[in-house]
Amino acid sequence: MSRRTAREVAMKLAFANLFGCEDTYEAVLEKSGIDEKPGEQDVRFAEELLDGIKLNADEIDAKIEELAIDWTVERMPRVDLSILRVAIYEICYRQEIPSSVSINEAVELAKQFGGENSAPFINGLLGALVRRMES
């Protein structure tokens with residue numbers, strides 16, 4: 001299994017958490033029809049992402065609100081919000097992951113699971129975050 005799949009699972013778990021659902025990694029794989037057997041590292045990576053998002057949710061959401069012009073977290077599509085939370089956690093708290101990788105993976109998730117405007121919106125927001133962090 002790949003980190004891409006682990007990110008997808010983490011995003012889906014973050015999405016489920018928005019609705020009070022506490023799915024497991026294995027349950028998400030089954031519901032998603034993913035037949036790959038997860039490695040221990042993949043499960044741990046996804047769990048670390050989810051735990052990090054929960055621990056830093058207020059700070060992550062504040063960054064989203066600051067950068068998402070004319071959008072609030074409450075109004076944002078839940079899939080986009082879940083993707084952004086994963087990517088922003090990676091960019092801000094997981095320095096071993098290049099920002100470009102986090103942005104690319106988020107855009108790919110948005111293309112697959114988001115709406116028509118999700119990918120450009122997420123790309124723009126994350127790009128603005130990285131530019132701010134670099135200056």
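How many positive and negative side chains does the protein have, and how far apart do the centres of the two sets lie? There are 16 positive and 26 negative side chains, with the two centres 2 Å apart; Lys and Arg count as positive and Asp and Glu as negative, while His and the chain ends are not counted. The place of a charge is taken as NZ of Lys, CZ of Arg, CG of Asp or CD of Glu.

The structure is a predicted model, in which local features need pLDDT of at least 70 and side-chain atom pairs count only at pLDDT 80 or more, whereas totals for chains, interfaces and linings use all residues. Residues are numbered from 1 along each chain as its sequence is written, and side-chain values use heavy atoms, with hydrogens and water left out.

The protein contains seven helices and zero strands, in the order α-α-α-α-α-α-α along the sequence; helices (H or I, at least four residues) and strands (E, at least two) are DSSP runs numbered from the N terminus. The C-alpha trace spans about 40 × 30 × 25 Å along its principal axes. For 135 residues, a compact globule would have a radius of gyration near 14 Å, and the protein agrees with its value of 14 Å; the radius is taken over C-alpha atoms, and the globule rule is 2.2 Å times the number of residues to the power 0.38.

Of the 135 residues, 47% count as buried, meaning under 20% relative accessible area (1.4 Å probe, protein chains only). The largest nonpolar core has 44 residues, and those with the most contacts inside it are Ile 64, Ile 83, Leu 84, Ile 88 and Leu 126. Each of H1, H2, H3, H4, H5, H6 and H7 supplies at least two residues of this core, and the largest share, 10 residues, comes from H5. Such a core is a set of buried Ala, Val, Leu, Ile, Met, Phe, Trp, Tyr and Cys residues joined through side-chain atoms within 4.5 Å. Beyond four places in sequence, Ile 88 touches residues including Ile 60, Ile 64, Leu 126 and Leu 129; contact means heavy atoms within 4.5 Å.

Helix H1 (residues 3-18) holds Glu 8, and Ala 6 is also found in H1. Ala 6 is buried, because its relative accessible area is 0%. Leaving aside neighbours within four places, Ala 6 is in contact with Tyr 25, Asp 42, Phe 45 and Ala 46. Glu 8 is likewise buried, with a relative accessible area of 12%, and, with residues up to four places away excluded, touches Ile 34, Leu 109, Gln 112 and Phe 113.

Definitions and conventions. Buried means under 20% relative accessible area, exposed over 50%, partly exposed in between (1.4 Å probe, protein chains only).
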